[in-house]
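Thanks for coming. I will go through some local features of one structure, so please have the sequence and the model open as I talk.

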Amino acid sequence: MVKFTMLKAKKSVKSNNKKISFSIPTVSVAQILIQLQQEAHPLQRLHPRLLQYLSQYGIYEAVEKNITLFRQGEYTKNWYAVLEGRLRVIKGGQNYVVGRGSVFEEITGYDNIRKLTVVTKDFCQLIRLESKHMKMFCKSHPYQLKDVVETTGLDLDQIERPSDTEEILAPPRITVDHLDRNNQDAIGDNQDNAGNENHEDGVDTGLLDEEPVKPRWPPLTEAQSALLLTSLMDSYPDYVSQKLGRKHCVTAEHLMHYIAEVTQSQSTKETLGICQVLLEDGVIKPLDRKTEFADFQTEANFVYFFDKVSPLDEIDEDELQSLLDDLIRRGNDALFRMMLRRQPGSRSEQELGFIFNELVHIKALAQTSTSIKRELAKVVLLESHSSAGTVLFNQGDEGTSWYIILKGSVNVVIYGKGVVCTLHEGDDFGKLALINDAPRAASIILREPCHFLRVDKEDFNRILRDVEANTVRLKEHGKDVLILEKIPSKSKKEKSVRYSVMAGTAEQTLEYMLDTRTFENETEEEHVPGRDDLLEDYLLTHTMFISVEDLCACLLRYYNSRPRQTNSSDASAVKNRMSLNKRQVIQFVNFWNQVDREVMFQSVTVRDFLKTLCEAVDKDSHQYNLDKAWNVMEDILDNCTKYVEGLNQNSKLNISSDGTKSSEDNLRPIRPSDESVIKVYNADATYSTVRVSADMRASVVLKAAAKKLQIEGNVVLVEMKSNGEYSLFKDEEMSVETKLSVNGRLFCVPKESLAQLNPLPEQQGPNEPTGKLLETVTSKELAYHCTLYDWQLFRNIHETELINHILGRSTGITSNLDRLLVRFNQIQFWVSSEMCLTSSQSKRVHLLKKFIKAAAHCKEYFNLFAFSAIVMGLTNTAVSRLKGTWEKLPSKFAKIFKDFEEIIDPSRNHRASRMLLSNCLDERRKNTTTDPAPVIPFMPLIMKDLTFTHEGNKTLLDDLVNFEKMHMIAECLRQIRNCMTGEMEIVLPSSEKPVTEFNVQNYIRNLKVIDNQRRLMQLSYKREQKKY
């Protein structure tokens, strides 16, 4: 043992989640190192330069037993050398023991992530070097680093034996007695056992929030309860009576009838949900006080009473309508909680369907398959806690359930670290403890009253077992090539077991679909679209996992395949099988054509494949009875020929990068071969025009632009935005001309000139509002022309463009999708620009009302795209801060806009926006009198879903295509296809005159906007100064 001269230094001890430092007698590091030479200490092996450096900058520390120095995954803050004592090193799930002379870790690892977890087993004496000094040493001794590193390795030879394992102190359990946080006497009672400022059995007040979190939906007030009672008594005075000393009693039947009438609810479920809200908020209470009723009782004669309220003298209709709207919005959540409280075995099919539809909108379940969500709907439970500070479970506890936050938020607390993060609605926790059968890795403390979805361990494990039991694996050479999942039959007549593909090689999956999906009925020659999603999923997403060349080659091989013939008697069977193979390929190609339409013909490889296949079918038609198949192929080849002829006859699109696009060009989709004339600017604001095609790579555009602008050296292609920011184009990107933002411009400059690049004056947008023109146009006219133009842009999109977009724009063009996404920003900034450019407050108020009404009309036209853009434009900070303008807005419009804001609210994974889209599609289906009208969806949300699904799931799992991911992506794409069904046939507003139609149309299609947020804020402050 080294004997040290006594000096003052710091000793570190961790107690109850806090590190306490106090002065102890010890020695200087320089004196330690001198004594090490006399005792032949193991640290003498360190490089002399490092020992000298430690004597200057090293810090001596004495650390108590069972203290964690650092954990795996943390950033390196210190380097340690062990003077005395033993430590436990945890690496890869294995425990090792190291002693005096060990170091942690390499001296060059100051910017690295820790690879080990180190805990003291005894009282230890250490030398610590901070990361800044580690970095300084490495930079000061670059030539000796190699020799130094060789002396700082850590040998993990001694595995910890049971005899070495002393009892490790478990993390202190956190308990809460739900006492007042300011009640120091109550807290003090527990401090005697702890021996320090934090009691062992209490909750550290630092783990709680200083202020309570405001609930999203505050309970109804007494004034609102009285308003509802007054409305009920005015509408149906016979419904309210006095019973058992309670003045205002009403039966469940009468209350539901009143709610259904006054809210015009479309179903009994909606009415029941609103009644459940009234019960949960304490507006009504059951007259039978002997039994606890958490759910609204629907028995006709069950009696409720209004508690502690009396009817009002008069009713404010606006306040009543606002109250009813709030109840309608809250009703769905209340009904969801009500169904979750029922025992899993007693849930009806309708209730399971309702629960499943709600689970679809929960963020934590976004990546789970449909089959697992349906199983979860059968077993998921509701767990509620009403007090902030409640400890849901402690670190080290056994894992018994998986939790998803339905409402509220929680803090995640780790012993020794305190609060490491906060989880909110849609987040989940507790799953790893169930999967790994391990103790809880952290404690969970509620920040506010919470509702949780809970899946217990037994159900969780059963679902995993069922998934594996319903899984079939096909192997080749000992490796999985196809993984199938058993699915329920969609038809009662169908007796055979059906499977869906979970994963597989692209070729094996194609063969499986050709065998099982394309020719299920011998008398059926054509596939019915939508009957089976697997085939459609494959075709919608095939560009993500197989090239067109490989797909065509596989189809030709399958077409020409010949089964093995064992004897002469099998000749007829072989011929029938070959005939079936050929018809299956033709049917697959036919369905491919139905899914991809003319986009299929854009590839030269596909055109050659169709020609080859058609020749083969013509040759085999007589021998294998392929007359009907030949007719199908002939139609497809004719369509392909017409497409190629159209490419040569139609004029090329002419699109310039200054935003002056011809509106007629948007009537048809942009094709890969369509050419555009774009302006490419130099650093000195001069420009040259370059003719490019939509499928031209950015590297080719850059080369052509640099040649025309006569720029040499290391040049780059860059978009300069109006706010001064720029973004570089990658060499492999396509659709360069349509990627530009609203006021973006294309520059070709030397890379070293990027820092001096400035936006052009024309990019700043207009200086005057267009209020005079807008005054002559009604809000319905704006919505009408906006919807027609948005529909033209939307219907030009093909699903492959969305795939190309999430894959990085290098696999194909995204031009039509780009135009639509730019259009969204254009509408959004148009609304903000007009509001900020209008100097008169009264005119701003008038304009504000017009935009709100225009958004309402867009919603009526099922144009959720423009509706969301207008509302987001009004919520722009530059507009929302105009308090004086908003205060002048009539309460009726303010209420409408509040409802619109709640629709675009991103909480619950944009649940309100998703429900609006679902309702529009349902309403369209119910309209049987006319053809279904198309719906223009909120495209940025769909793009977010696609990106999230793509980035959150691997395309390949163990060299197999992850078809669970493909199913989820295809479901998003199918939603877009569903929205496109039908024709946009909206009536021209009667107030419009033919003379103004053309002007309004041109105005809407060529909006001039300010997309520089900084300039919008400057204009906003000019309109209304900030009040302090």
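Leu-244 is found in the loop between β11 (241-243) and β12 (246-251). The phi of Leu-244 is near 50 degrees, a positive value in a residue other than glycine. Is Leu-244 buried or exposed? Its relative accessible area is 75%, so Leu-244 is exposed. For the cut-offs, buried means under 20% relative accessible area, exposed means over 50%, and partly exposed is in between, with a 1.4 Å probe and protein chains only.

A note on the source: this is a predicted model, in which local features need pLDDT of at least 70 and side-chain atom pairs count only at pLDDT 80 or more, while totals for chains, interfaces and linings use all residues. Residues are numbered from 1 along each chain as its sequence is written, and side-chain values use heavy atoms, with hydrogens and water left out.

Back to phi. Arg-809 is not a glycine either, and has a positive phi of about 65 degrees. Arg-809 sits in the loop between α25 (799-806) and α26 (815-837). Its relative accessibility is 7%, so Arg-809 counts as buried.

Helix α18 itself covers residues 571-596, which is 26 residues. From first C-alpha to last it reaches 38 Å, close to the 38 Å expected at 1.5 Å a residue; the expected span is 1.5 Å times one less than the number of residues. Of the 26 residues in α18, 19 are buried.

Helix α28 (residues 864-874) has ten of its eleven residues buried, so the rest of the structure largely encloses it. Among the buried ones are Phe-865, Phe-867, Ile-870 and Leu-874.

Now the sheets. Four strands form an open antiparallel sheet in the order β15-β22-β17-β20; two strands pair if DSSP finds at least two bridges between them. β15 (381-385) and β20 (428-429) stand at the edges with a single partner strand each, so one side of each has no neighbour in the sheet. β15 pairs with β22 (residues 450-456) over five antiparallel bridges, and Ser-384 stands opposite His-451 in β22. Helix α14 (residues 457-469) packs on this sheet, touching β17 (401-407) and β22. Contact means heavy atoms within 4.5 Å. The direction of α14 makes about 55 degrees with that of β22. Axes are lines fitted to C-alpha atoms, for helices over the stretch in contact, and angles run from 0 to 180 degrees between N-to-C directions.

Another open antiparallel sheet has five strands, in the order β23-β24-β25-β32-β31. Its edge strands, β23 (471-476) and β31 (956-957), each pair on one side only. β24 (residues 479-487) and β25 (residues 498-504) pair over six antiparallel bridges, with Ile-487 opposite Arg-498 in β25. Helix α34 (residues 963-980) packs on the sheet and touches β24, β25 and β32 (960-962). Its direction makes about 110 degrees with that of β25.

Last, the cysteines. How many disulfides are there in the whole structure? A search finds zero, a disulfide being a pair of cysteine sulfur atoms within 2.5 Å. For Cys-858, the closest cysteine sulfur is in Cys-786, at 5.2 Å, which is too far for a bond. Cys-858 is buried, with a relative accessible area of 1%. Cys-640 is also buried, at 5%.

Terms used
Helices (H or I, at least four residues) and strands (E, at least two) are DSSP runs, numbered from the N terminus.
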